Amino acid sequence: VEMSPTTKQFRKRNAILSYLRSTDVHPSADMVFAELKAEIPDLSLATVYRNLGQFRKDGTIQVIGNVDGEERYDGDTSPHSHFICRSCGKVADLPFSEVAMPDTSGVGRTDSCSVTFYGCCNDCL
């Protein structure tokens, strides 16, 4: 049965989001593509990037930041921090803890904050 373009697009979009929500490796676009390519042979890297951009814009996912030259993504949008290993690039979730917000009224209104810790993971120590 041939699927319509819209059905194919929805299936790809769903697979990308499902993968992001099911993993704790905080993948890059290349990692998402590599993981899903076997399951969805007609998936393109451009489709992955396009959907990640839309998810980011919608607030469906969060961007952890640039690790070893690649943006890394998190399907968990609940409040939490991250630890990034400067040696191997591993990204790990850390439980949420209160952060003292500085007074930003002189520069603008703050609507979000993220905290990332950098160091060397236990595997690399």
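Biologist: Where is Lys12 found?

Modeller: Lys12 is found in helix H1. Please note that this is a predicted model, in which local features need pLDDT of at least 70 and side-chain atom pairs count only at pLDDT 80 or more, while totals for chains, interfaces and linings use all residues. Residues are numbered from 1 along each chain as its sequence is written, and side-chain values use heavy atoms, with hydrogens and water left out.

Biologist: Is Lys12 buried or exposed?

Modeller: Lys12 counts as buried, because its relative accessibility is 12%. Buried means under 20% relative accessible area, exposed means over 50%, and partly exposed lies in between, with a 1.4 Å probe and protein chains only.

Biologist: And what is Lys12 in contact with?

Modeller: Leaving aside neighbours within four places in sequence, Lys12 is in contact with Ile40, Asp42, Leu43 and Thr47. Contact means heavy atoms within 4.5 Å.

Biologist: Let us step back. What is the secondary structure of the chain?

Modeller: The chain has three helices and five strands, in the order α-α-α-β-β-β-β-β along the sequence. Helices (H or I, at least four residues) and strands (E, at least two) are DSSP runs, numbered from the N terminus.

Biologist: How many residues are in the chain, and what share is buried?

Modeller: The chain has 125 residues, and buried residues make up 30% of them. The C-alpha atoms fill a box of roughly 55 × 40 × 25 Å, taken along the principal axes.

Biologist: Which residues of helix H2 are buried?

Modeller: In helix H2 (residues 29-36), the buried residues are Ala29, Val32 and Leu36. Seen down the axis of H2, they fall within an arc of 60°, so they line one face of the helix. That arc is the one spanned by the directions from the helix axis to the C-beta atoms.

Biologist: Which residues have the most contacts inside the largest nonpolar core?

Modeller: They are Ile16, Leu20, Val32, Leu36, Val48, Leu52 and Ile61, in a core of 15 residues. Helices H1 (5-22), H2 and H3 are the elements that give two or more residues to this core, and H1 gives the most, with five. A nonpolar core is a set of buried Ala, Val, Leu, Ile, Met, Phe, Trp, Tyr and Cys residues joined through side-chain atoms within 4.5 Å.

Biologist: What does Val48 touch?

Modeller: Not counting residues up to four places away in sequence, Val48 touches Ile16, Ala29, Val32, Phe33 and Leu43.

Biologist: A change of topic: which loop holds His26, and what is its phi?

Modeller: His26 lies in the loop between H1 and H2. His26 has a positive phi of about 55° although it is not a glycine, and it is buried, with a relative accessible area of 1%.

Biologist: And Asp68, buried or exposed?

Modeller: Asp68 is exposed, with a relative accessible area of 60%. Its phi is also positive, at about 50°, although Asp68 is not a glycine, and it is found in the loop between E1 and strand E2 (70-74).
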